[in-house]
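Here is a short briefing for a first look.

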Amino acid sequence: MTQKLRIAIIGAGRIGYVHAGSVNDTPNLELIYVVDPFEESAKKVIADFGGKYSADPVAVINSGEIDAVIIGSPTPTHVPLLATAIKAGVHALCEKPIDLDIKNVDALRGAANSAKTNVSIGFNQRQDPHFKSVKARVEKGE
């Protein structure tokens, strides 16, 4: 039997809920934590998909209870949470943008490039057929 990959979701808003559904629908993944400063929001996700509540993302990342984190919290939290995950040896999927200031992204680049874990950014639109169609039309001058 394959061991399940243990997931924490940081951010219980719309995108956190979507990710929780994806974790729930994916074999070999298990939602362990839903992290949000607003307990009521997290409890809605937990009611539908399971997991435990925490308001402390750093403690959850460093808990040893998770293998991967999905970061769907507000943009200013992305770089610090990615840095924490990298340091803790926890795989990370982060929603876009990483940060609004490229200097902060550049400061994280070395750690991300040398990470022993996967560090990914959730930017699916560039492959979406509708977005590709619009891009092609713009390039044609329409």
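Contact here means heavy atoms within 4.5 Å. This is a predicted model: local features need pLDDT of at least 70, side-chain atom pairs count only at pLDDT 80 or more, and totals for chains, interfaces and linings use all residues. Residues are numbered from 1 along each chain as its sequence is written, and side-chain values use heavy atoms, with hydrogens and water left out.

**Nonpolar cores**
- A nonpolar core is a set of buried (under 20% relative accessible area, 1.4 Å probe, protein chains only) Ala, Val, Leu, Ile, Met, Phe, Trp, Tyr and Cys residues joined through side-chain atoms within 4.5 Å.
- The largest core has 22 residues, and Ile66 is one of those that touch the most other members.
- Helix H4 (78-88) is among the elements that give this core two or more residues; H4 supplies its largest share, five residues.
- Leaving out residues up to four places away in sequence, Ile66 touches Arg6, Ile7, Ala8, Ile32, Tyr33, Val60, Ile61 and Val90.

**Aromatic pair**
- The whole structure holds one aromatic pair (ring centres within 6.5 Å; planes under 30 degrees apart are stacked, over 60 edge-to-face, the rest tilted).
- Tyr17 and Phe49 form this edge-to-face pair, at 5.0 Å centre to centre and 65° between the planes.
- Tyr17 lies in helix H1 and Phe49 in helix H2, so the pair ties together parts 32 residues apart in sequence.

**Asp99**
- Asp99 is buried without a salt bridge (a Lys or Arg side-chain nitrogen within 4 Å of an Asp or Glu carboxyl oxygen).
- The nearest side chain of opposite charge, Lys103, is 9.7 Å away.

Methods
Buried < 20%, exposed > 50% of the residue type's maximum accessible area, 1.4 Å probe, protein only. Lys, Arg positive; Asp, Glu negative; His and termini not counted. Phe/Tyr/Trp six-rings, centres within 6.5 Å; stacked < 30°, edge-to-face > 60°. Helix = DSSP H or I, 4+ residues; strand = E, 2+ residues; numbered from the N terminus.
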